Amino acid sequence: MLEVHDAVVRYGAITALHGISFEVNQGEIVTLLGANGAGKTTTLRMLSGLHAPQSGQIMFEGQDVTTTKAHMFTSLGIGHVPEGRRIFPQMTVEENLEMGAFRRRGSYTEDIERMYETFPILKERRKQIGGNLSGGEQQMLAIGRALMGQPRLLLLDEPSMGLAPMIVDTIFRIIGEIRDSGTTVLLVEQNAAQALRLADRGYVMENGRIVFGDSASNLLTDARVRAVYLGENVES
Amino acid sequence: MKALWDNIWTRRLISSLAAMAILAVVTGPPGSNLTPLAGFTGSFAERVSFFGLFKGQRWMVFFVFALVMFAIWWTWVSYGEQIKGALSKTLAAPQAATRRRPVRWGIAIVLIVVAALLPHVVTDPFWQAAMVEQIGVFVLLALGLNVVVGFAGLLDLGFVAFYAVGAYATAWVTGALPLPFLFGGRLDTFWAIPFALALVMLAGILLGTPTLRLRGDYLAIVTLGFGEIVTIFLNNLNGITGGAAGSGKIPYFSLNVGVVKYHWGLGPVPYYYLTLGFVVLFLIVFSLLEHSRVGRAWTAIREDEVAAESVGINPLKYKVMAFAIGAASAGFAGVMTAGQSLYIFPATFTLQLSINILVLVIFGGMGSIMGVLIGAIVIQTASMYLIHTPPAGYQPADLYIYLGALLVVMMIFRPAGLVPSRRRRREIGLAESGEGHMNEVLTGDTP
């Protein structure tokens, strides 16, 4: 569904991505793991058109989207939940969801109702403004807003960032439900253990390179991953 | 002594005295190079009549003012919450009523009728002219800038450029510029309107496309530069614009279409109705736009541009649209100025004027059409009043001191403007409580 071939991204003199290649197949959850500065967010910014790669190629459903502008990605079927949620702080919850359907023609009231079924807390808060929601509610709203664009591929950037463990559990359960309802998910996470338990496959990034990729269950038992990302002592 | 200073009311009393001392100096007589301190000594020692009650020195008057200010301050701090509560309780019913559509339409129609009857009530020629040249034109300019600053959140410090393009387009179409109009012909001033609107919108697109890729402060600086470039061009392109001497010879407004012949002539009243018609037109168009798909895109861009892109909004496209649409009403203001004063020159279109228009928008309430309308009328009427009947000691240059002071007071007590838009009030509330996007902009916390 999504294929990245040898993509290089530079910010001025600094090379953030040294030619990464990976793929995401229809119907799976793929997770990108890595420490701070490994290039995870840059990868997602590149995939949502916010920063075009200097070389390499990005293919989505057989179409070359390497130089496509950011605002065209929703129409292509790629939804992006940006890092730090970035909901519209002064719009109400309902207005935020409506903004998610900006590129759509015709009625979308049914979809808003479906979002309220998935996220009941948002229904309670529908007339409140986004900036007054808690972090977890904002994350749900950001995911709901991206889903309003009816994406076939959903890019999630650090959905667990700054949230209480219980809320993170809820968010991850919902990400699983999104996959089950037919939307492919690319998940960037620092919370490696939880991401790998949910994902089908994973890639590990270090210093702007993908160092290895495997099925999530293999990665969970991989000694290197356990040592570096799951904080376990290899000797024991 | 320290205990006295620690008492907040001592400090507030000193603040009141200091504020009134400044006001005394500002409103007092000017000094001169022979007696440089006369401005200060005269401000306090000069004898004045105290509202005709008794005669005294100025410092006594301002001392009483300071005590009054202190009393108001004390009342507000002690009983402010109760007053606010009582006010919001009594205002709740009327406010709910104005939210209903038929009531709103009723109010709008009453206001239009009042505006239409105004020139028959106000017959002083000074005020009749001021209603067109100073109030009507500035309402149009402020409404246009409100689209750019208030709706799309783009700080434009060169807005006067569009006003100038509108005025010069009128001169061009009517054959008053050294540059001949198409095929050497000339049109009635009325037909300058479509040409001027087309030209300013084109100018909006031309200025906007390269500059609107920038954000925040950078955009403000570049628009400032563009405003200056336009003025300098007008000043120096002698063969096209007539240079610093400007362009005269613009004919009065007239319309000749078959049997319909109308000449606006010399008096200000016909121009007033033309301006009023366009103000109403722009009010309707801008209100519809605010709640349209385009208006929602502007709001999204203003609140968070990255998020707006992520839901599929092309920021550049909608920002250029805001520029072009806002420019349209400024262009029409330019046509009115040219078609009524018949004489235009580059010295009118200064940075000072751009900032004046911005003050009207900020004072009225950014993003609130009703607020900007009221704000522009209030400020322009007040400054015209100061010109018409200047109080003792008032100098024309003082106007900006008062406008500046007014803005400072506004920012403290009503930061969202006179009639704030619902959304702006929320935005400022969020920024003050340290949440939301405004704070991110301030701390540079955006990637």
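Predicted model: local features only at pLDDT ≥ 70, side-chain atom pairs only at ≥ 80, totals over all residues.
View 1. Taken together, the four strands form an open sheet in the order β2-β1-β4-β5 of chain A, with antiparallel pairing. Because β2 (14-24) and β5 of chain A each have a single partner strand, they stand at the edges, and one side of each is left without a neighbour in the sheet. Helix α1 (residues 40-47) of chain A lies across β1, β2 and β4 of chain A, and its direction is at about 70° to that of β2(A).

View 2. Strand β4(A) pairs with strand β5 (residues 63-64) of chain A in the antiparallel sense, over two bridges.

**View 3. The open sheet of six strands in chain A.** In this second sheet of chain A the strand order is β6-β7-β8-β3-β9-β10, and the pairing is mixed. The edges are formed by β6 (78-81) and β10 of chain A, each of which pairs on one side only, while from one strand to the next the twist averages 15°. Two helices can be followed against this sheet. Helix α6 (residues 135-147) of chain A lies across β6 and β7 (153-157) of chain A and runs at about 165° to β6(A), whereas helix α7 (residues 165-180) of chain A packs on the sheet where it touches β3 (29-34), β7 and β8 (184-188) of chain A, its direction making about 150° with that of β8(A).

View 4. Strand β9 (residues 201-206) of chain A runs antiparallel to strand β10 (residues 209-215) of chain A, and six bridges join the two. Among the paired residues, A:Arg201 has A:Ser215 of β10(A) as its bridge partner, and A:Glu206 is partnered by A:Arg209 of β10(A). The hairpin has two residues between its strands, and A:Asn207 takes a positive phi near 45°.

**View 5. The side of chain A that touches chain B.** Here 21 residues of chain A are in contact with 19 residues of chain B. On the side of chain A, the elements that give two or more residues are α2 (73-76) and α3 (93-100). Sorted by class, this side of chain A has nine nonpolar, nine polar and three charged residues.

**View 6. The two domains of chain B.** Chain B is divided into domain 1, which takes in residues 2-29, 36-47 and 56-94, and domain 2, which takes in residues 121-443. The centres of these two domains of chain B, taken over C-alpha atoms, are separated by 36 Å.

**View 7. The crossing of helices α7 and α14 in chain B.** The axes of helix α7 (residues 160-173) and helix α14 (residues 315-341) of chain B come within 7 Å and cross at roughly 45°, and so α7(B) is oblique to α14(B). The crossing of these two helices is right-handed. Among the residues that make the contact are B:Phe162, B:Ala167 and B:Thr170 of α7(B), together with B:Gly331, B:Phe332 and B:Val335 of α14(B). By class, this contact of α7(B) with α14(B) has 12 nonpolar, six polar and no charged residues.

**View 8. The packing of helices α6 and α15 in chain B.** Helix α6 (residues 125-151) of chain B packs with helix α15 (residues 351-364) of chain B at an angle of about 70°, their axes being 9 Å apart, and therefore α6(B) is roughly perpendicular to α15(B). The contact includes B:Phe138, B:Leu145 and B:Val149 of α6(B), and B:Ile357, B:Leu360 and B:Gly364 of α15(B). Its residues divide into nine nonpolar, three polar and no charged.

Technical notes: Residues numbered from 1 in each chain as written. Chains lettered and ligands numbered in written order. Pairing = 2+ DSSP bridges. Contact = placed C-beta atoms within 7 Å. Nonpolar A, V, L, I, M, F, W, Y, C, P; charged D, E, K, R; others polar. Axes fitted to C-alpha atoms, helices over the stretch in contact; angles between N-to-C directions. Parallel < 35°, antiparallel > 145°, perpendicular 65-115°, else oblique. Left-handed = near helix turned anticlockwise from the far one by under 90°. Domains from an automatic or database assignment.
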